[in-house]
Each structure stands twice: as C-alpha cells, then as structure tokens.
Amino acid sequence: LNMTAAAGQIFIFFTIQLFSPLMCTTITTTRKFFTIILSVWKFGHHFTSLQWSAIIMVFSGLYLAIISKFTSTKKQLSLDKKSV
C-alpha cells in the first residue's frame, strides 16, 4: 500500500513538473469523476439535479481555465514571434 501511495506522489510531481498544477488538478478531478460515475453505475446510486449541476459547474470551470491558459499561451507565442 505504501508503494502505491509513493508511486501516486511521484506521478503528481512529474505531472506538475512536465505540465502545470492546473493540468494535475484536471487529471485528478477527472479521475475522481469517473470513480464516482463507476460507483453510481455499479451500486445503483442516483444523482440529484443539484449534484449534476455542481458536476457541470466544476468541469466547466476547469476546462474553461485550461482553454484560457492555452489561448493566452498561443497569443503570447504569436506576439513573441512578431516582435522578433
């Protein structure tokens, strides 16, 4: 069990180093979302409308943050190339 926890921490460290903390958060949240969906499917639990709304808001916010980051990065690269 300790080896699994250590491997998880190494994965988190490399994800942050190679990509960004935002990407690490997105991966972790997406993994948790699929875990919840699997649990709902396997054990027959149901989400309320409020819970579905919360899920939609969380993922919308995360993916909008990613899109805005990549958009601003592309704009910055474009401006850097023009100034050279």
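From the N terminus on, the elements of the chain run α-α-α. This is a predicted model, in which local features need pLDDT of at least 70 and side-chain atom pairs count only at pLDDT 80 or more, while totals for chains, interfaces and linings use all residues. Residues are numbered from 1 along each chain as its sequence is written, and side-chain values use heavy atoms, with hydrogens and water left out.

Colleague: How many helices and how many strands does the chain have?

Modeller: Helices (H or I, at least four residues) and strands (E, at least two) are taken as DSSP runs, numbered from the N terminus. Counted in this way, the secondary structure of the chain comes to three helices and zero strands.

Colleague: Are H1 and H2 roughly parallel or oblique to each other?

Modeller: Axes are lines fitted to C-alpha atoms, for helices over the stretch in contact, and angles run from 0 to 180 degrees between N-to-C directions. The axes of helix H1 (residues 2–18) and H2 come within 7 Å and cross at roughly 135 degrees. Angles under 35 degrees count as roughly parallel, over 145 as roughly antiparallel, 65 to 115 as roughly perpendicular and the rest as oblique. The two helices, H1 and H2, are therefore oblique.

Colleague: Which type of aromatic pair do Phe33 and Phe59 form?

Modeller: Rings of Phe, Tyr and Trp (its six-membered ring) pair if their centres lie within 6.5 Å, and planes under 30 degrees apart count as stacked, over 60 as edge-to-face and the rest as tilted. By this rule the count comes to five aromatic pairs. For Phe33 and Phe59, the centres are 4.8 Å apart and the planes make an angle of 65 degrees, so the pair is edge-to-face.

Colleague: Why does this pair tie together separate parts of the sequence, and how many residues apart are they?

Modeller: Phe33 lies in helix H2 (residues 21–43), whereas Phe59 lies in helix H3 (residues 49–83). The pair therefore ties together parts whose separation in sequence is 26 residues.

Colleague: Is Thr30 buried or exposed?

Modeller: Buried means under 20% relative accessible area, exposed over 50%, and partly exposed in between (1.4 Å probe, protein chains only). Thr30, which is placed in helix H2, has 17% relative accessibility and so counts as buried.

Colleague: With which side chain does the side chain of Thr30 make a polar contact?

Modeller: A polar contact is a pair of N or O atoms within 3.5 Å; within protein, one must be able to donate a hydrogen and the other to accept it, and residues adjacent in sequence count only if both atoms are side-chain atoms. At 3.1 Å, the partner of the Thr30 side chain is that of Tyr63.
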